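Subject: Structure handover

Hi,

Here is the structure for you to look over. My notes on what turned up follow below.

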Amino acid sequence: MEAILASEYVSIGELVRITGSRYSTLKHYTEEGMLPFEQAEENLTRRYKREDTVARILWIKELKANGLSIPQIKEAIGITVVSLKEGE
């Protein structure tokens with residue numbers, strides 16, 4: 001755990017250990033664009049900036065605990081929610 005906490009970048013599995021979140025939840029947040037990541041070229045592993053990502057996960061948890069939906073959380077953290085209208 002000390003090595004994880006000393007790293008600048010971590011994997012999604014390491015984020016699970018640090019935050020106590022479920023893997024599927026963090027994967028969903030990543031797919032929704034809520035958790036920015038970098039991808040290593042050699043093996044395409046997603047790497048997350050540890051401090052920024054942990055802070056964001058804690059913020060998302062707080063917003064979720066306050067009853068916000070995923071679209072509301074995305075808006076609160078500054079992610080543009082695009083609504084596709086029929087015919088556009």
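Which residue in S3 is the bridge partner of Gln39? It is Arg46. Before the rest, some ground rules. This is a predicted model, so local features need pLDDT of at least 70 and side-chain atom pairs count only at pLDDT 80 or more, while totals for chains, interfaces and linings use all residues. Residues are numbered from 1 along each chain as its sequence is written, and side-chain values use heavy atoms, with hydrogens and water left out.

**Overall layout**

The chain has 5 helices and 3 strands. Helices (H or I, at least four residues) and strands (E, at least two) are DSSP runs, numbered from the N terminus. In sequence order the pattern reads α-β-α-α-β-β-α-α. Of the 88 residues, 26% count as buried. Buried means under 20% relative accessible area, exposed means over 50%, and partly exposed is in between (1.4 Å probe, protein chains only). The chain exposes about 6200 Å², an area from the Shrake-Rupley method with a 1.4 Å probe, where for residues only the protein chains shown count as cover. Carbon and sulfur atoms supply 49% of that area. Among contacts (heavy atoms within 4.5 Å) with a separation of 6 or more, residues 24 or more positions apart account for 46%.

**The sheet**

The 3 strands form an open sheet in the order S1-S3-S2, with antiparallel pairing. Two strands pair if DSSP finds at least two bridges between them. The edge strands are S1 (9-10) and S2, and each pairs on one side only. H4 packs on the sheet and touches S1 and S3. The direction of H4 makes about 80° with that of S3; axes are lines fitted to C-alpha atoms, for helices over the stretch in contact, and angles run from 0 to 180 degrees between N-to-C directions.

S3 covers residues 46-49 and pairs with S1 over 2 bridges. Tyr9 has Lys49 as its bridge partner. Val10 has Tyr48. S2 and S3 also pair over 2 bridges, in the antiparallel sense. Their hairpin has 6 residues between the strands, and Leu44 takes a positive phi near 60° there.

**The core**

The largest nonpolar core has 16 residues. Such a core is a set of buried Ala, Val, Leu, Ile, Met, Phe, Trp, Tyr and Cys residues joined through side-chain atoms within 4.5 Å. Leu15, Leu26, Met34, Leu35 and Ile60 touch the most other members. Helices H2 (12-19), H3 and H4 (50-65) each give two or more residues to this core. H4 supplies the largest share, 4 residues. In soluble globular proteins, nonpolar side chains tend to be buried together.

Leu15 touches Val10, Gly20, Leu26, Tyr48, Thr53, Val54 and Ile57, leaving out residues up to four places away in sequence. Thr30 lies in H3. Thr30 is buried, at 6% relative accessibility. Leaving aside neighbours within four places, Thr30 is in contact with Ile12, Leu35, Phe37, Arg46 and Tyr48.

Leu58 sits in H4. Leu58 counts as partly exposed, at 47% relative accessibility.

**Salt bridges**

How many salt bridges does a search of the whole structure find? It finds 3. The criterion is a side-chain nitrogen of Lys or Arg within 4 Å of a carboxyl oxygen of Asp or Glu.

- Glu32 and Lys74: the closest N and O atoms are 2.8 Å apart. This pair links distant parts of the chain, 42 residues apart. Glu32 is in the loop between H3 (23-31) and S2 (38-39), and Lys74 is in H5 (residues 70-76). Glu32 is partly exposed at 29%, whereas Lys74 is buried at 13%.
- Arg47 and Glu38: the closest N and O atoms are 3.7 Å apart. Arg47 is partly exposed at 34%, and Glu38 is partly exposed at 35%.
- Arg50 and Glu51: their side chains meet at 3.7 Å, N to O. Arg50 is buried at 14%, whereas Glu51 is exposed at 59%.

Best wishes
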